[in-house]
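Open the model in your viewer and keep the selection panel at hand. The tour goes stop by stop: select, look, move on.

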Protein chains: 2
Amino acid sequence: MISSGGKQRVIITDVNPRVEDGLFPAKAVLGERLKISASIFGDGHDEVAANAYIKHESETEWAELPMQFVINDYWEATFQAEKLGFFEFRIEAWEDHYTTWKKGLKKKFEAGQDVAVEIQIGIELLEDAAAISPKDKEALLDVTSAFKKDVTPLQTVTLALSDQVAALMYAYRHPDMITVYPATYRIEIERKKAAYSTWYELFPRSTSEQEGRHGTFKDVTRLLPRVAHMGFDVLYFPPIHPIGEKNRKGKNNSLTAGPDDPGSPWAIGNRLGGHKAIHPELGTLDDFKALVAEVKKYNIEIAMDIAYQCAPDHPYVKEHPQWFKWRPDGTVQYAENPPKKYEDILPFNFETDDWENLWQELKSVIEYWIAAGITIFRIDNPHTKAFAFWQWMIGEVRQNHPEVLFLAEAFTRPRVMERLGKAGFNQSYTYFTWRNTKYELQEYMHELTRTEMRWYYRPNFWPNTPDILPPILTYGGENAHIMRLILAATLSSNYGLYGPVYELGLNTPHGKKEEYVDNEKYEIKHWDWHKYTRTAEVMTRLNRIRKQNPALQSTWNIEFADTTNYQLICYGKRDEERGNTMIMAVNLDVFNTQGGHVNLPLDKLGIDPDRPYQVHDLLSGDRYTWQGAWNFVQLNPYQMPAHVFRVEQ
Amino acid sequence: MISSGGKQRVIITDVNPRVEDGLFPAKAVLGERLKISASIFGDGHDEVAANAYIKHESETEWAELPMQFVINDYWEATFQAEKLGFFEFRIEAWEDHYTTWKKGLKKKFEAGQDVAVEIQIGIELLEDAAAISPKDKEALLDVTSAFKKDVTPLQTVTLALSDQVAALMYAYRHPDMITVYPATYRIEIERKKAAYSTWYELFPRSTSEQEGRHGTFKDVTRLLPRVAHMGFDVLYFPPIHPIGEKNRKGKNNSLTAGPDDPGSPWAIGNRLGGHKAIHPELGTLDDFKALVAEVKKYNIEIAMDIAYQCAPDHPYVKEHPQWFKWRPDGTVQYAENPPKKYEDILPFNFETDDWENLWQELKSVIEYWIAAGITIFRIDNPHTKAFAFWQWMIGEVRQNHPEVLFLAEAFTRPRVMERLGKAGFNQSYTYFTWRNTKYELQEYMHELTRTEMRWYYRPNFWPNTPDILPPILTYGGENAHIMRLILAATLSSNYGLYGPVYELGLNTPHGKKEEYVDNEKYEIKHWDWHKYTRTAEVMTRLNRIRKQNPALQSTWNIEFADTTNYQLICYGKRDEERGNTMIMAVNLDVFNTQGGHVNLPLDKLGIDPDRPYQVHDLLSGDRYTWQGAWNFVQLNPYQMPAHVFRVEQ
């Protein structure tokens, strides 16, 4: 027995966006121009046509998006979502007999051949369409009448090829000949900040004006104008909970803390409370809520650090001993993220039989802080907790709070980092921190923007973190700080840094480790928040440039230019809709002036190859007149290691 | 409510072989060493373990294949099928707590730390295993007793790390903590000829010893020793059915045939019968059956050409007019495969309401010839017939006759050719015919062997066909014929050519077309079958070399070497199991001697980088002693455009 569907001649395949065969949704943000695409083709040489259908999960009506042929059987439709949450889409395609006929008619007519039989076939098509389309029946039969009249071939052909008839025949297809792609796929629409954000990390306890005093949320308030002036829109705090007193770490990660050592904020919980409490020296819950409200006045949001782990004196340890893995000697093995050891931290046991209650409690932590006004969470070491938990927790939270964003702080193996993106994290830390050469950077950007990762993994580029002082910042000094900052801010639309260490250019490592010596993780610092540095100045300018140029508000529009110097990296970004084009050229050599020619992909940057154009360096103010693809740049790292050009035609 | 599965901490993804998300089976042949692979990882840093399970569709028991970690969370298991038909496989993975424990124990012990608590944990694991494994309970408890005895830590650790305990604990896992990958995928196992075959195409009507006489199946019998001596194992005939008399083509594709013109064999059917009849001048059905039996004595199979199309006087046209698309003037539009026009052929209308009967009839054609002894079908222009038909027909036929192979003769757009492979064709024609430069050849081989195509598309490389005389053969003469032959026969394990035109080096095009002038498609030829030519000599040697060197019996083991000359292409192939390694170096310049260095991927070719090795040119007999990756070659195309080396250490 033959199954049905023998007359469905069109094939639909390679549908995108599609993440892991549709197991996970693709990600996009409000207003983003999204391509729904597929390979679509029939046997033989007849014309085909296709529609994408899309709807928000809360709707019942599908919107119809006619798909356009692009090249080599690849078709696409553009979609711009204006609503948060999950959309689903599907694709249908069919043999477009009217267009096939129309093209044949045109060819014969233009070759001067007799088209009488062709016109007859056209009439049959129109009559068939009328028979199956009650709505358009009358209009269709009017056209056939016109065909049947004794008019000139030219008049008939003109009518046949008219937009009016095309519009009528667009809907013409027999249901049993339509190929319906068997799967629907989902796209999660998030708010714009998921794709474009600028993060500044500071330790609130180091914000006091007075050296030796513990900083408070009120001290942070004093710094907000600076953070806002510098152009950051996410202010990220390490954990603000009570810090464990048992096994507390001392300065430089030493195993014994002195009486005045404040401990690591990631060793969460003590007799005063755990993940839902606030470290008393920072202030009260009300102080915190007041700060959360205050930052919003600056169009900044606070990102809160959630580290699902416990100091040995965290209340959970006594209240829920079943959530930990006890050893025969009555201890719990401390947490590790090789090669790092966290002697002051106990991990949860995600294999506990009581995992449902554990999951619920962990979710309630997020909900607690959402109620306090928090909308962004930076999750500490998510790769050491069960993937299934993240997928469930983030899904549950975002169902009620689709505005809430999660950043995955996973620096681990590629497959693991990818999976966290699929599981629902809206942004992710990356390997950018260690990618220094032109080859490395280009390959990595390709992986992030031209593979399936494009759909589920939103990179957030950090040149440093409290945990990571990469070698380039150590040996390259201020020049390297500026160069890496420019790369982060222009390669990725999401970027952040750990300050004020970064602006101040502190770069002494702890022995041979790629970590800061005298790390703020274990001590309270007193910073000169208002010192002028080249790095702070470039930071401020860069963030303004990002705000004013939508081309820099996407990571996925990057196009690399060949250069004749391997120390010179060059790339462009274009916002098609708003006609904004940026070209960046960066000297990767932190000590020497480097120059070379760049070969710009003009077509992808919307630049006319036959007319001169002006490139306006928004960092320096300089302007150059260029023409064509090949142009020369030269950059002195002691002056400014990069051009950040806007194209002004 | 949380769904179940919260304790399944291991992720399985990117499972292969998998074709179009599992919609189609992957292909392999009997005895082929097949890698079943996946990315497998857990959260955190515990050890994981995984099994693949595989079974033939006719079986109920799954064979268990332990998977091995390779690199970067990529795991694989090797499978060699010994049965034709469909296998299905699935993957399971879990946290391997015993191995995690064992590694920690070893580390602590070697660092001289106290392992008493570790031993206690080990005892708990063993007792837990005993509790859930009745079969091994006694043996497991014996081990715990040994642990509990007052022996030295060294003795305990040695026992803990022993293979004996590892074997016992291998099966230890709690069912609710096993991740079962939700999909099973299929692999179709075919006979070896699907992956390794050597085709020779000839027109039986041109085989008469006597000029001017129509060749017969008996004439073909006379040529079999030659075909066998030259090393071919598939003898492919153009259609052997009665040729249409209506609209018959004359010489050089002219629209009017003279009274003696035999017509194109692809214009099938006349008053004497259609697809199940034999052109009387070739012989009777019994003659044909006798030939089919005779060729088998030479270990050759006949490949029959099936062209699903009809001359206007084919019996189908009168008997089943509903299978054709009639125009208002009472004609059927002739077939086209742009830019080619087939005025002597009517296509079937796959949109006919009577499609089920059409499909059944077309399938019965295949079954008719299978009954006559045919096991290989070359299908003409499959891309102009419905994809759904092929998938159904090939599936149905191979269910009863898994030995039957289908070659898709589609020279069309990439997505269309790919789909035919997915739909079930065992071999496919390719773009090799037009890929000439090093870049083109390497890119194309990458596409065929390193993308998803590796699993469903078996290339068959043809340097020429009766339809295609590529420019390189026209301008490059005999040198080009030899060079292209060597490429086809060593790049691809399936290759074929249209002879004796090829050995004789005929290469005059028809005007500006890439076709032979005075094409055998429209006339009966008289060939000198026994003329000595360099091309025929190389062909004979090459086919023997392929037979004697299993490395050349696969297409998917290819590894390219860098060369310092863009006219010089170099690649190796290795059969791991039989330790056979071949290295090919080919001069792509048909007029000039070219030399250069090649940089061999020694590790992939199984060559020791520290010892000299001999490369033995099996075409010329020459031997060279090489060492290391970089070696020099120089090739004169008038002598021999290639080395075909066997590595002899």
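**Stop 1: an aspartate in a helix**

Select B:D219. It sits in helix α6 of chain B, residues 217-229; helices here are DSSP runs of H or I with at least four residues, strands are runs of E with at least two, and both are numbered from the N terminus. This is a predicted model, in which local features need pLDDT of at least 70 and side-chain atom pairs count only at pLDDT 80 or more, while totals for chains, interfaces and linings use all residues. Residues are numbered from 1 along each chain as its sequence is written, chains are lettered from A and ligands numbered from 1 in the order in which they are written, and side-chain values use heavy atoms, with hydrogens and water left out.

Is B:D219 buried or exposed? Its relative accessibility is 8%, so B:D219 counts as buried. The cut-offs: buried is under 20% relative accessible area, exposed is over 50%, and partly exposed is in between (1.4 Å probe, protein chains only).

Now show the surroundings. The B:D219 side chain reaches the backbone nitrogen of B:T216 at 2.9 Å. Setting aside residues up to four places away in sequence, B:D219 touches B:T207, B:S208, B:E209, B:R213 and B:H214. Contact means heavy atoms within 4.5 Å.

**Stop 2**

Switch to chain A and select A:E209 and A:R222. They form a salt bridge, with the closest N and O atoms 3.7 Å apart. The rule asks for a side-chain nitrogen of Lys or Arg within 4 Å of a carboxyl oxygen of Asp or Glu. A:E209 lies in the loop between β11 (197-201) and α6 (217-229) of chain A, and A:R222 lies in helix α6 of chain A, so the pair ties together parts 13 residues apart in sequence. A:E209 is exposed, at 59% relative accessible area. A:R222 is partly exposed, at 30%.

Next, pick A:D14 and A:R18. This salt bridge has its closest N and O atoms 3.8 Å apart. A:D14 is partly exposed at 42%, while A:R18 is buried at 16%.

**Stop 3: a buried valine**

Select A:V295, in helix α7 (residues 285-297) of chain A. At 1% relative accessibility, A:V295 is buried. Which residues is A:V295 in contact with, leaving aside neighbours within four places in sequence? They are A:L224, A:I300, A:E301 and A:I302.

**Stop 4: helix α2 of chain B**

Select residues 116-132 of chain B. Helix α2 has 17 residues and reaches 25 Å from first C-alpha to last, close to the expected 24 Å. The expected span is 1.5 Å times one less than the number of residues. Colour the buried residues of α2(B), including B:I119, B:G122, B:L125, B:L126 and B:A129. The cover over the buried residues includes α1 (97-110), α3 (137-148), α4 (153-160) and α5 (163-169) of chain B.

**Stop 5: a pair in one helix**

Select B:R541 and B:E537. Their side chains meet in a salt bridge at 2.8 Å, N to O. Both are in helix α16 (residues 534-548) of chain B; being 4 residues apart, they are separated by about one helical turn. B:R541 is partly exposed at 27%, and B:E537 is partly exposed at 26%. Then select a network joined by salt bridges that share partners: A:R9, A:D43, A:D46, A:E95 and B:E351.

**Stop 6: the interface**

Show both chains. The contact takes 60 residues from chain B and 60 residues from chain A. About 5,000 Å² is buried between them, 55% of it from carbon and sulfur atoms; buried area is the accessible area (1.4 Å probe) that two parts lose on being put together, summed over both. The rule finds 10 salt bridges across this interface. Zoom in on one of them: A:D353 and B:K7, 2.3 Å from N to O.

**Stop 7: the axis**

Superpose chain B on chain A. A turn of 180 degrees and a shift of 0.1 Å along the axis give an RMSD of 0.1 Å, by least squares on C-alpha atoms of residues with pLDDT of at least 70 in both copies. The two copies are thus related as by a two-fold rotation axis. End on B:D21, the residue of chain B that comes closest to the axis, at 2.9 Å (C-alpha).

Terms used:
Polar contact = N/O pair within 3.5 Å; in protein donor to acceptor, adjacent residues only side chain to side chain.
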